[in-house]
Amino acid sequence: MASALDNLRILDFSRVLAGPFATMMLADLGATVTKIERPGIGDETRTWGPPYDDSGESTYFQSVNRNKDSLVLDLTDATDLDRVRKLALAADVVVENFRPGVMARLGLGYDDLRADNPALVYCSITGFGSGPGAGLPGYDLLIQALGGLMSITGQPDGDPQKVGVALVDVLTGLFASVGILAALRHRDATGEGQLVEVDLLSSLLAALVNQGSAYTSGGVVPGRMGNEHPSIAPYELLPCAAGELVLAVGNDRQFAALCEALGAPELATDSRFTGNADRVRHRQDLRAALVERLATRSAEDWVSRLAEARVPAGVVNDVAGAFRLAASLGLNPVVRLPREDGTTVALTKNPIGLSATPPNYRSAPPRPS
């Protein structure tokens, strides 16, 4: 079956997460990606562990590097540098996440390459852009702190918390892949390539969505609310007789159905709770009323009852439980790729479904050279 990005050649200088995630997404869609790695070191994530898989490979590196070839080249060596330049000029897309100025000093900057390949799409991923913040190191944890995400994550009376995965890198990788595809669409129409610039801080600010607009449009500086939602109620984690229940009630119909299922239909007509804005204003009173009624059954029991009432509810899965749930729903969340030595690696599938040109899985992440 044809792939959406067949015949697209990408030269990938990026390391760690944001860039490799972007190029893997494009590789899954058919692009040929050649990863450039440093002698003796390679991508830093090759050494980030534990955990390791059964073959001793870093699971971190495996997560973002399938469907790629790898070349070990020394960019300080004139012969290797000349080879890299030729590869870059033959590519459709170059992706890099060095500190601003590094690629230019090597003669591999956008201006250097577009002089000989004006159709080149060149994606540069940085921590804080190419202006006054160009020299600042860009690490996900640092951006989560500086970009406000930690200030809205965690309990109100607790410490700021990071998200449990490098979410800023992942979001930046997604923004980078969208930018690359947009630039390729322009190139298809005009023959002209362009520079795509994506930075971690701007990506996080864009991803704050309603929390960001609370500040930009409403002048409100959001704070930590634990598992509560600033604009919806009930939308939180609640204790039951056994276990805890997540409720994500997004409209009045769902709230009325919730109250009926709890055996408390009077709550839906209580003036404190009739509309979402009322429920948000009286969220503590509402929480107390719900906790009292949820205490009569286990969370698992409530999930079954609320599913019948079409009320969004669930329990908190661990990662294994999340994969089991996806499998039980027919989502087939895991793909297994063979290695040359006969072993296999199991990875999370690409979530994009395309009816004519679906993602494909051609090769396991490259072994160290």
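Val246 stands opposite Gly314 in strand β9, within a predicted model in which local features need pLDDT of at least 70, side-chain atom pairs count only at pLDDT 80 or more, and totals for chains, interfaces and linings use all residues. Residues are numbered from 1 along each chain as its sequence is written, and side-chain values use heavy atoms, with hydrogens and water left out. The protein has 15 helices and eleven strands; these are DSSP runs numbered from the N terminus, with at least four residues (H or I) for a helix and at least two (E) for a strand.

**Overall dimensions and burial**

- The C-alpha trace of the protein spans about 75 × 50 × 40 Å along its principal axes.
- Of the 369 residues, 42% count as buried, where buried means under 20% relative accessible area, exposed over 50% and partly exposed in between, with a 1.4 Å probe and protein chains only.
- Among contacts (heavy atoms within 4.5 Å) with a separation of 6 or more, 66% are made by residues 24 or more positions apart.

**The three-stranded sheet**

- Strands β7, β8 and β9 form an open sheet in the order β7-β8-β9, with antiparallel pairing; two strands pair if DSSP finds at least two bridges between them.
- The edge strands of this sheet are β7 and β9, each of which pairs on one side only.
- Strand β7 (residues 235-239) is joined to β8 by five bridges in the antiparallel sense, and Pro239 stands opposite Glu244 in β8.
- Four residues lie between the strands in the hairpin of β7 and β8, where Gly243 takes a positive phi near 85°.
- Strand β9 (residues 313-314) pairs with β8 over two bridges, also in the antiparallel sense, and Ala313 in β9 is the bridge partner of Leu247.
- Strand β8 (residues 244-248) has Leu245 and Leu247 on a covered face, while Glu244, Val246 and Ala248 form the uncovered one.
- Helix α14 (residues 299-308) lies across β8 and β9 and runs at about 30° to β8; such angles run from 0 to 180 degrees between N-to-C directions, with axes fitted to C-alpha atoms, for helices over the stretch in contact.

**The six-stranded sheet**

- A second open sheet has six strands in the order β3-β2-β1-β4-β5-β6, with parallel pairing.
- Strands β3 (68-72) and β6 (194-199) stand at its edges with a single partner strand each, so one side of each has no neighbour in the sheet.
- Strand β2 (residues 32-37) pairs with β3 over five bridges in the parallel sense, and Thr34 stands opposite Asp69 in β3.

- Helix α3 (residues 78-90) lies across β1 (9-12), β3 and β4 (93-96), running at about 145° to β1.
- Helix α7 (residues 167-190) lies across β4, β5 (121-126) and β6, at about 165° to β6.

**Packing of α1 against α7**

- Helix α1 (residues 18-28) packs against α7 at an angle of about 50°, with the two axes 7 Å apart.
- This angle makes α1 oblique to α7, because angles under 35 degrees count as roughly parallel, over 145 as roughly antiparallel, 65 to 115 as roughly perpendicular and the rest as oblique.
- Residues in the contact include Phe21 and Leu26 of α1 and Leu174 and Ile180 of α7.
- By class, the contact of α1 with α7 has nine nonpolar, three polar and one charged residues; Ala, Val, Leu, Ile, Met, Phe, Trp, Tyr, Cys and Pro count as nonpolar, Asp, Glu, Lys and Arg as charged, and the others, Gly among them, as polar.
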